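Me: Let's go through this model by question and answer. Keep it short, please.
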Amino acid sequence: MAINSVEMGNRARDIRVSKNIKQIEISKALGITQPCYSRFENGLYDMPISQIIKLCEILGVSVSWLIGEDIDFIAGLSDNERLLVEDFIKYIKKIRKKLL
């Protein structure tokens, strides 16, 4: 599977925004500048794997999710069905967060 840098950046941005985390907070935790992190979210910077792992820990997601490996199971669904599945996953994560 080829890793799509733009899609990976979009996923990181979506989860970061949903958790109300600022780019500057993530960039400091990763030891990079905010503009560098912004380039990552825009698919213009390829992070070393060590930073990818740390980013996933910060965001509370798996590396496989960030690089898009976990979406193969919904490949046969319509766009509307995929959105419903993604919304359901976000809902479950929100509930899980409240319980912890």
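Me: Which helix holds Glu41, and is Glu41 buried or exposed?
Reply: This is a predicted model, where local features need pLDDT of at least 70, side-chain atom pairs count only at pLDDT 80 or more, and totals for chains, interfaces and linings use all residues. Residues are numbered from 1 along each chain as its sequence is written, and side-chain values use heavy atoms, with hydrogens and water left out. Glu41 is found in helix H3; helices are DSSP runs (H or I, at least four residues), numbered from the N terminus. Its relative accessibility is 0%, so Glu41 counts as buried (under 20% relative accessible area, exposed over 50%, partly exposed in between; 1.4 Å probe, protein chains only).

Me: Which side chain does Glu41 join in a polar contact?
Reply: A polar contact is a pair of N or O atoms within 3.5 Å; within protein, one must be able to donate a hydrogen and the other to accept it, and residues adjacent in sequence count only if both atoms are side-chain atoms. At 2.6 Å, the partner of the Glu41 side chain is that of Arg16.

Me: Why are the buried residues of H2 on the same side?
Reply: In H2 (residues 23-30), the buried ones are Gln23, Ile26, Ser27 and Leu30. The arc uses directions from the helix axis to the C-beta atoms. They share a side of H2 because they cover an arc of only 100 degrees.

Me: Which helices do the buried residues of H2 pack against?
Reply: Contact means heavy atoms within 4.5 Å. The buried residues of H2 pack against H1 (5-18), H3 (34-41) and H4 (49-59).

Note on methods: Helix = DSSP H or I, 4+ residues; strand = E, 2+ residues; numbered from the N terminus.
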